[in-house]
Amino acid sequence: MMAASKPVEPQSGSGLPRWQVALMVGAPLLIGAGAVYLWNRSRKVVQKGKRNGERETPEGSASPVAKPEKPDGEPVEMNPLDQAQAAKNKGNKYFKAAKYEQAIQCYSEAISRCPTEQKGDLSTFYQNRAAAFEQQQKWQEVVDDCTQAVELNPRYVKALFRRAKAQERLDNKKQCLEDVTAVCILEAFQNQQSMLLADKVLKLLGKEKAKEKYKNREPLMPSPQFIKSYFSSFTDDIISQPLLKGEKADEDKDKEGETAEVNESSGYLKAKQFMEEENYDKIISECTKEIETRGKYVAEALLLRATFYLLIGNATAAKPDLDQVINMPEANVKLRANALIKRGSMFMQQQQPMLSTQDFNMAADIDSQNADVYHHRGQLKILLDQVEEAVGDFDKCILLRPDSALAQAQKCFALYRQAYTGNNPSQIQTAMDGFEDVIKRFPKCAEGYALYAQALTDQQHFGKANEMYNKCIDLEPDNATTYVHKGLLQLQWKQDLDKGLDLISKAIEIDNKCDFAYETMGTIEVQRGNLDKAIDMFNKAINLAKSEMEMAHLYSLCDAAYAQTEVAKKYGLKPPTL
C-alpha cells in the first residue's frame, strides 16, 4: 500500500483491499477495521426480539416450561418445582432492588429445590445467580454458574454471552472468543453488542500474537515483482534510478562465474548493480560495507539499506538509518525527502498517524517540488479518510508530473470512493468518466485499469470489470494480485467458486509470497466451511506479513476461523456456508 509495506500495486492500489474484498465477495461481514466473521448474507436468519439491549436482568425461563396455576385462597402444598420457582421469583425481586446477596441466596434455594430432570428451569436458575454474581463482579463465580447453565442448555445465548463477558474480565481471551462466537452464530450475527465484543477480543488476540511473532520472525525478502512494483511508485528516488554511465566498476569473473572483488569499488555501487540484476539478498550487506568504510555514498547507502530493511519487515533496523539520512544537512534534499516519505509510511503502518503526517509535511517543506511527497501523502490521506485533502495532494503531484498515470488513477479512485460512500450517483458517474479518460490517455498504465475494475465491480458492471482485469494481465502478466481480484470477481459475478479459486491458485503459482492471495483463499475457505484449510491459508499469510499491523489482522482472521471450529465441535454450530 504505502512505502513502508506494500507497494502501490495495481490491484491492491491505495483503495484498501479488505474494503474491496467485503464488497466483492458479498458474503463476509466486516467487524470494525480488522477481524471478520464470514457468513452468507443471503441465508441469514432474521431473529425477532431486542438485539442491542444489555443482558443484565435475570429471567423467567430459558425455554418454555408450563407453570402450575396458583389458586387464590387457601394455601396449596407446593411441589419441588413450584417451590423452586417461588424462590426464583423472590430472588428476582431482590435483584431488581439491587439486593444481590439476598438474590443469590434465593437462586441457590431454587437450584437446590429444582428437580434435576427440569433442565430448562435449572439452567435459568444458574443463569440468574450468575447475573447476581456479575453485579458483585465475582467473575469466576459467573463463569462457573454460566457453565452449569450451558451444560443444561447448550444453546443458551444469555448464559453464553454472560460467560463471555466474565471470561474477558478474567483475561481468558480464547475462552471469551469461543463463547461470543457461539453467540454470534446463534443470533445470526444480528446483535451489535456481541459483535463488538468479538471484534474487541479478536483485535486484542491478534495484537498479542503478532507482537510476539513479529519480534521473532525470520526476515523474508519479497518477490522481485513486489520489489519492482514498490520502487515504481517513486519517481524522484535517487537510489532506485539505474546506474549512470561511468558509475559501473570494471569487473573480473572468477572461475565459477562469481563477481570477484573490485579494487576501489563502492559497496553502494555494487549494491546498485545487484538491484539491476535482481540479486536483492546481497544489497543490505553491500550497503553496510559502504557505511562502515565511510565511502562516497554513505547517505545513499543508508537510505537503500533502510529501504530493504522495510521491505523485509524490519522497521526497527530501518528507523535509525532513516533518522540519520533525515538529519544529514549535507545530504541531497531528494534523499532526505525520500527518507521522510518512507519513515512517514512506516509510522502509518505502526498506527501512528500524527508522526506520519509530520514526516510528510516536513518532506513537503524541504522539497516542495517533489512529486513523490504528494503522491504518497495522498495515499496517507485516503487511509485517514481525508479524501478531499488526498485529491488536493494528487493534483499537486499531477501538476509537477503531468505524465504520472499512477497519481491520475488514484485521484479518480479517491473521488470514486468519496462518491460511493456518500451515495452520490452524479459524483459516481463523474468519477467513472474520469477513469475512462485515464485509460484513454494512459493505455499502458495497469493501475488505471485495475482501480477502474474495482469501481466497476462495486457498481455491479461485472463484464466490463472483467475486461479491465484482462487488460491488466496483458500489461503485467506476472502481477499475482490481479489474479486474486479477478478470482473474487468470478465469485460475485457468476458465483463460480471453482474458477475463482483457480485464479487465486494461479496467483500463488506466479508469486508464492503473495500474502493477499493466501488471505483471500483463507477467507473463501471459511465461507465454504473448510475451516482447517482456511486456518492453513491464514497461517501462510501470517508468515509473509510485512508489518506487525498486517500480521495482527491476519491473526484475527485465523483466530475467528479457529473459534468457529471449536464451536462446531462443542455445540454443533456452524454459520451458513457458500
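A salt bridge is taken here as a side-chain nitrogen of Lys or Arg within 4 Å of a carboxyl oxygen of Asp or Glu. The structure is a predicted model, in which local features need pLDDT of at least 70 and side-chain atom pairs count only at pLDDT 80 or more, while totals for chains, interfaces and linings use all residues. Residues are numbered from 1 along each chain as its sequence is written, and side-chain values use heavy atoms, with hydrogens and water left out.

Helices here are DSSP runs (H or I, at least four residues), numbered from the N terminus. Asp515 is buried at a relative accessible area of 5%, and Lys546 is buried at 7%; buried means under 20% relative accessible area, exposed over 50%, and partly exposed in between (1.4 Å probe, protein chains only).

Across the whole structure, the search finds 33 salt bridges. One of them pairs Arg129 with Asp145 at 2.6 Å, N to O. Here too distant parts of the chain are linked, with Arg129 in helix 4 (residues 119–135) and Asp145 in helix 5 (residues 139–152), 16 residues apart. Arg129 counts as buried at 16% relative accessibility, as does Asp145 with 5%. In the salt bridge between Glu389 and Lys381, the closest N and O atoms are 3.2 Å apart. Glu389 is partly exposed, at 44% relative accessibility, whereas Lys381 is buried at 8%.

Turning to the interior, a nonpolar core is defined as a set of buried Ala, Val, Leu, Ile, Met, Phe, Trp, Tyr and Cys residues joined through side-chain atoms within 4.5 Å. The largest such core has 61 residues, and Phe231, Ile283, Leu304 and Phe308 have the most contacts inside it. Helix 12 (residues 298–311) is its main contributor, giving 11 residues. A second, separate core holds 50 residues, including Leu81, Tyr156, Leu186 and Leu205. Contact means heavy atoms within 4.5 Å. Beyond its neighbours within four places in sequence, Phe308 is in contact with Met221, Ile227, Phe231, Met275, Tyr280, Ile283 and Ile284.

Leu197, in helix 8 (residues 192–215), has a relative accessible area of 7% and is buried. With neighbours within four places in sequence set aside, Leu197 is in contact with Phe161, Ala164, Lys165, Glu168, Cys176 and Val180. Leu197 and Lys165 are 32 residues apart in sequence, with their C-alpha atoms 8.1 Å apart. Cys397 sits in helix 17 (residues 387–400) and is buried at 2% relative accessibility. Excluding residues up to four places away in sequence, Cys397 touches Ala371, Tyr374, His375, Ser404 and Ala407.

Glu178, in helix 7 (residues 173–186), is also buried, at 7% relative accessibility. The side chains of Glu178 and Lys570 are joined by a polar contact of 2.7 Å. A polar contact is a pair of N or O atoms within 3.5 Å; within protein, one must be able to donate a hydrogen and the other to accept it, and residues adjacent in sequence count only if both atoms are side-chain atoms. Not counting residues up to four places away in sequence, Glu178 touches Glu566, Val567 and Lys570.

Terms used: Helices (H or I, at least four residues) and strands (E, at least two) are DSSP runs, numbered from the N terminus.
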